[in-house]
Amino acid sequence: MADHDHEHKQQQESTDGAALQINQNHALSRTMMSFNLVLQKLPHLTDYLLPSASSRHDLMVIPNPMDRNEFYRPFHGFYVSDTDVILRRILYDLELAGSISPGDVVDVLAYHRAGPRSQIYLDPNVAVRAAIVTCGGLCPGMNTVIRELVVGLWELYGVRQIFGVPAGYMGFYSMNPIPLHLHTVHDWHKRGGTLLQTSRGGFDLHNIVDSIQRQGFNQVYIIGGDGTMRGALKIFNEICRRKLNIAVTGLPKTVDNDIGIIDRSFGFQTAVEIAQQAISAAHVEAESAVNGIGLVKLMGRSTGHIALHATLSSRDVDCCLIPENDFYLYGKGGLFEFLEQRLKKNGHVVVVVAEGAGQDLIPRTDAQKEERDESGNPVFLDVGSWLKSELNNWWSRDHPGELFTVKLIDPTYMVRAVPANATDNLYCTLLAHSAIHGIMAGYTGFVSGPINGNYAYIPLAEVAEAKNAVNTKDHKWAWVRSVTNQPDFENK
């Protein structure tokens with residue numbers, strides 16, 4: 001009897017599997033759609049320069065010197081070809097595709113895959129003079145990227161003329177470049193910040209390009225955030241206009257993870273890890289007080305990725321406030337009503353707020369509304385201090401004489417200044433080497449970065465304009481809501 005039941009169960013499972021396969025095939029046949037691969041054009045030096053064999057300093061095509069590496073010989077399939085591509089999007093809902101008319105074509109964006117090419121366009125031993133610059137704010141991993149650019153250029157391609165440009169963009173025309181060697185940078189990956197130093201502002205296009213040309217740089221590696229990438233695009237366009245044999249690449253850096261297209265920017269995972277330490281401290285402070293609130297202000301001017309990921313990783317957070325999701329303080333469904341309910345239930349609360357959240361709620365003068373920083377960004381007021389003050393005012397008004405404590409923790413500069421963790425260090429290495437391989441192959445005006453887990457070359461023009469805001473309609477934000485059980489704060 002038992003054998004008969006087992007056999008019947010197997011037959012039923014087989015039948016169910018066949019039915020599922022039939023239904024899937026039927027769904028696929030109903031869509032009757034085709035895909036058109038659109039490969040994004042990647043700028044190349046040959047777009048405006050012709051290879052020449054007359055001068056060792058001109059654009060030329062030679063075999064990759066890694067063929068002659070005494071320690072490591074490229075194997076079959078080691079080199080990446082121009083036909084290797086990475087898809088921008090890998091998820092499609094075939095049920096939704098059923099609304100597409102038969103015969104319609106869906107465009108699928110693709111990018112060139114990053115990696116070494118079998119041929120390069122400069123002789124590294126005599127013709128390459130590379131410049132590396134860091135711009136904007138600090139971020140974990142900046143020193144690792146610098147180090148790996150030097151090591152990759154030196155060890156993989158035999159480049160010996162490598163220079164660091166101090167103090168950001170203004171350093172090109174106001175300071176002397178610093179020679180970089182293997183022994184100079186050997187332990188930089190263990191240190192936070194940038195040993196080249198950085199600055200905001202100072203972008204003078206013609207002075208920068210004049211200086212690059214005057215100092216004989218023909219490879220420029222620019223490390224920075226979205227504003228820096230927009231500056232890099234202008235430099236690239238001016239070099240193209242002058243038809244100079246100079247390749248430019250951007251290495252996207254932003255602790256906020258607000259650069260679009262790529263999976264994430266370097267330093268982000270380290271920032272989330274350090275942010276959790278601040279949340280843990282806030283939780284201890286709140287839990288140790290009567291009606292205690294631990295308030296943590298995290299980085300995130302325009303996006304709340306750090307706050308979101310730190311909340312999901314920590315599990316100690318009761319409320320997460322990000323720039324992409326408006327909130328209000330008083331009234332039904334407001335922040336204070338929610339916090340009061342949580343205090344009655346648990347006796348303490350932990351609130352995480354991104355620095356760009358609630359900026360429209362903070363009173364400011366007309367002069368403050370017009371204020372800009374060195375990079376041209378609006379100056380934000382301190383949402384942490386403002387919210388702490390509002391919390392104290394609310395409690396004093398609604399609960400006079402009752403114990404209440406708010407502890408504000410702002411780990412901003414601690415998050416920015418620490419060395420990269422192991423995951424970000426590996427990312428920085430792959431990012432730097434991808435940039436080197438791309439420039440050696442003659443590509444210019446591009447950014448390296450991971451797309452769907454694989455490294456690609458993306459035109460600077462796209463990265464300079466792309467944003468990476470938190471999508472409050474996707475699953476990740478739904479997970480935050482399920483962890484905190486906070487209201488949506490949408491309907492006042």
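This is a predicted model: local features need pLDDT of at least 70, side-chain atom pairs count only at pLDDT 80 or more; totals for chains, interfaces and linings use all residues.
## First group of annotated positions

An unreviewed UniProt entry lists Gly137, Arg200, Gly201, Gly225, Asp226, Gly227 and Thr228 under "binding site". They span 92 residues in sequence, but no two of their C-alpha atoms are more than 13.0 Å apart, so these residues gather at one spot.

Gly225 sits in the loop that runs between β9 (219-224) and α7 (226-242). Gly225 is buried because its relative accessibility, 9%, falls under the 20% cut-off. Leaving out residues up to four places away in sequence, Gly225 touches Lys253 and Ile259. Gly227 belongs to helix α7 and is partly exposed, with a relative accessible area of 34%.

## Second group of annotated positions

The "binding site" feature of the unreviewed UniProt entry is also placed at Thr254, Val255, Asp256, Met299, Gly300, Arg301, Glu355, Tyr413, Met414, Val415 and Arg416.

Gly300 is in the loop between β11 (292-298) and α9 (305-314). At 0% relative accessibility, Gly300 is buried. Apart from neighbours within four places in sequence, the contacts of Gly300 are Asp256, Pro323, Ala354, Glu355 and Gly356. Asp256 and Glu355 are themselves among the annotated positions.

Val415 is part of helix α13 (residues 412-417). Val415 is buried too, at a relative accessible area of 3%. Not counting residues up to four places away in sequence, Val415 touches Pro140, Val255, Ala271, Ile274, Ala275 and Met299. Of these, Val255 and Met299 also carry the UniProt annotation.

Key. Residues are numbered from 1 along each chain as its sequence is written. Side-chain values use heavy atoms; hydrogens and water are left out. UniProt positions are given in the numbering used here, feature names are shortened, and annotations may be inferred rather than shown by experiment. Helices (H or I, at least four residues) and strands (E, at least two) are DSSP runs, numbered from the N terminus. Buried means under 20% relative accessible area, exposed over 50%, partly exposed in between (1.4 Å probe, protein chains only). Contact means heavy atoms within 4.5 Å.
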